[in-house]
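Dear colleague,

I am handing over the model we spoke about, and the notes below it are meant to be read with the structure open. Please look at the model before you read on.

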Amino acid sequence: MGSVEEEEAPLLEQGLISQEPKLYAEDGSVDLNGNPPLKAKTGNWKACPFILGNECCERLAYYGIAGNLITYLTTKLHQGNVSAARNVTTWQGTCYLTPLIGAVLADAYWGRYWTIACFSGIYFIGMSALTLSASVPALKPAECIGTFCPSATPAQYAMFFGGLYLIALGTGGIKPCVSSFGADQFDDTDSRERVRKASFFNWFYFSINIGALVSSSLLVWIQENRGWGLGFGIPTVFMGLAIVSFFFGTPLYRFQKPGGSPITRISQVLVASFRKSTVKVPEDAALLFETQDKNSAIAGSRKIEHTDDCKCLDKAAVISDEESKSGDFSNSWRLCTVTQVEELKILIRMFPIWASGIIFSAVYAQMSTMFVQQGRAMDCKIGSFQLPPAALGTFDTASVIIWVPLYDRFIVPLARRFTGVDKGFTEIQRMGVGLFVSVLCMAAAAIIEIIRLRLANELGLVESGAPVPISVLWQIPQYFILGAAEVFYFIGQLEFFYDQSPDAMRSLCSALALLTNALGNYLSSLILTLVTYFTTMDGGEGWISDNLNTGHLDYFFWLLAGLSLVNMAVYFFSAAKYKQKKAS
C-alpha cells in the first residue's frame, strides 16, 4: 500500500497551492510529552500504518465473528431463521450503539488514545470467552441427534452471549475513536495535510476490508470445515495483534486534548437560552459573547463563526445587563460563548444528513442475514467444493478493495475537473451517490430471488425446501454493488462527521455516525418482525419462512428498495439546504 508513504503523496494532493512548510502542527495537538508536535517526527503518514494495521486486525476479528454468526446460531444453537437473524442484527446494532459510551469518555476525559487502549482489553476478553464457549466441551451446545436438536443450557447461552456482548462493549471504545485518531495525525491548518487526511479515510476503509476479506473467505471455511473453536480462536489472536500494533506507534502519534463533556456543554446552551427566553438577540452578532483569545474557551477547539439559523439558541450568548455590570462571565449555565452555541447548531444541521444512514445501514445489514439465507437456498457447490454462503461476503469486500484505489487514483482527479473540489466530490455529494447505488443493490437481490423462486416452482422443490439448482455465484452482483455503495456512502460519512463536527466533539459525532448502523440493524429487526407478523396473519408461511421456497423473500428486498428510494429523495432535499461549518 505504497500510497501511505509520506514521500509518495496520493494523487489527491496534486494541484494544491504550495505553502510555506511549518515546523510544528498548529491544530492544538500535542506529542507524547505534551509539547507541540514536530511535523517531521510525528503524525502524518508515518504514524498511520500502526493505526491502519490496528484497524485491519480488529476488523478481521470482528468480521470473523459477525460474518458467519447466523450460521452458528442456526446450526449450533439450533435457532430458527427469523430468531437467528433478529439476534444477529440486535447484536450488531448494539456494537454500533455502545460507541456513544466510548465517545463521551474520549471527548470529555480520557482522550482517544487511552479510550482505544482500555476498551481493546475488554474486547480481547470477550473474544476469549467466545472461543472458550465453542471449544470447551461443557460449554459447547449439544449436537443434533437425527432430527432432534437439544437446546443449549442456560450456562452455555450465558457464556456465548456474555462474550458476544463484551465484544460489543469493547468495540464501543474503539470504533468512534480510531478513525478520528487517525485523522488527528493530519494538521487541519495545513492545506496539504488536510487533503492527505481525505485520502486517509479511503485507505482506512480499505484496511477494514482487507481484514473483512480474510474473515469472509478463509475464516468462514475454517469455521464450517475445521471447527468453530479454531474459527473463533484465530480472530482472538488477531485482536491481540491489533492491540500490539496500536501501542507500537505511540511515539509517533499526535494527541488531541479532551475538551470536557460535550453533553454538559449542550445542556448549558439549552439551559442558558431558556433562562434568557425573553431577551432580544442583537442584530450585530459581534455583540454576542465570545472569548478574546485566539483559541476558544473549549480545550482543543478552534472558534466557530456565528451563523443565522436557530436564532433562539443565540440567546445563550447574549450578555445581560446584570452580567455586563458585574463583569462576571464565568457561569456557563447562564452565559455561553458563540462557539459553544454553534456546536449545538452544527449537531442540529447534521441531523437530516445523519438520519439518511439508518435506511442505508438496514440495507447493509442484509449482507450478513438475508443474503446468507438466500445463498443457503441455492446451489453452493463449485465443482467438488462446497462454498459456504457467508463466504460470498468476500465479493463485497473485493468490491471495496477494487473501488477504493479506483476512487482515490482515478475518480477524484476526473471529478475535480468538473466540480472544482480538491478531493473530487464533497462529502455530501459522495454520500448521495452511495444512497443511489444502494437502491440498485436491493433491486438486484430481488431479481435473483424472483428467478430462484420461479425455478423452485418449475422443478417442484417448493414443499421440500431443497436448495434450488441455481448457482450461488449469481449473488455476486448484489454483493459487488453493495461494496460500491459502501465506498461512496460510508467513507463519505466518516469524512463528513469528522470535518463538519465541532473540534471537541469529533469522537461523539463519529459515534453518532455509527449509531446509524445500530438503528439500521434495529430497523432491520423491526421490519423482519413486522413483515413476519403481517404476512402470517392468515396462517400462511409469510414472506420469510424457514423454507424460503414457500416464502417471498423478493417482496422483502423490494420493500427495502422502496424505502431506500424514499430515503434518497429526503436526503437530496436536506443536502441542498445544508450549511457548512466555518471554523475561524
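What follows describes aromatic pairs, charges over rings, helix packing and a few single residues.

This is a predicted model, in which local features need pLDDT of at least 70 and side-chain atom pairs count only at pLDDT 80 or more, while totals for chains, interfaces and linings use all residues. Residues are numbered from 1 along each chain as its sequence is written, and side-chain values use heavy atoms, with hydrogens and water left out.

I begin with the aromatic rings. The structure holds 46 aromatic pairs, where rings of Phe, Tyr and Trp (its six-membered ring) pair if their centres lie within 6.5 Å, and where planes under 30 degrees apart count as stacked, over 60 as edge-to-face and the rest as tilted. The pair of F181 and F246 is tilted, because the ring centres lie 5.8 Å apart and the planes stand at 55 degrees. This pair links distant parts of the chain, as F181 belongs to helix α5 (residues 154–183) and F246 to helix α7 (residues 228–248), 65 residues apart; helices here are DSSP runs (H or I, at least four residues), numbered from the N terminus. F181 is buried at a relative accessible area of 2%, and F246 is likewise buried at 2%, with buried meaning under 20% relative accessible area, exposed over 50% and partly exposed in between (1.4 Å probe, protein chains only). F181 and F246 also belong to one aromatic cluster, which includes Y113, W114 and Y253.

The rings of F371 and F557 have centres 5.7 Å apart and planes at 75 degrees, so this pair is edge-to-face. Because F371 lies in helix α11 (residues 370–376) and F557 in helix α16 (residues 553–576), the pair ties together parts that are 186 residues apart in sequence. Both F371 and F557 are buried.

R59 lies over the face of Y63, 5.5 Å from the ring centre, and the charged end of R506 is 4.1 Å from the centre of the ring of Y498.

Turning to helix packing, helix α13 (residues 427–458) and α16 pack at an angle of about 165 degrees with their axes 8 Å apart, where axes are lines fitted to C-alpha atoms, for helices over the stretch in contact, and angles run from 0 to 180 degrees between N-to-C directions. That angle makes α13 roughly antiparallel to α16, since angles under 35 degrees count as roughly parallel, over 145 as roughly antiparallel, 65 to 115 as roughly perpendicular and the rest as oblique. The residues of this contact divide into 22 nonpolar, four polar and three charged (Ala, Val, Leu, Ile, Met, Phe, Trp, Tyr, Cys and Pro count as nonpolar, Asp, Glu, Lys and Arg as charged, and the others, Gly among them, as polar). Helix α12 (residues 393–419) and helix α14 (residues 476–499) pack at about 45 degrees with axes 7 Å apart, and α12 is therefore oblique to α14.

Finally, some single residues. P405 lies in helix α12 and is partly exposed, with a relative accessible area of 24%. N44, in helix α1 (residues 44–66), has a positive phi near 55 degrees although N44 is not a glycine, and N44 counts as buried at 2% relative accessibility.

Notes
Helix = DSSP H or I, 4+ residues; strand = E, 2+ residues; numbered from the N terminus. Lys NZ or Arg CZ within 6 Å of the ring centre and 35° of its normal.
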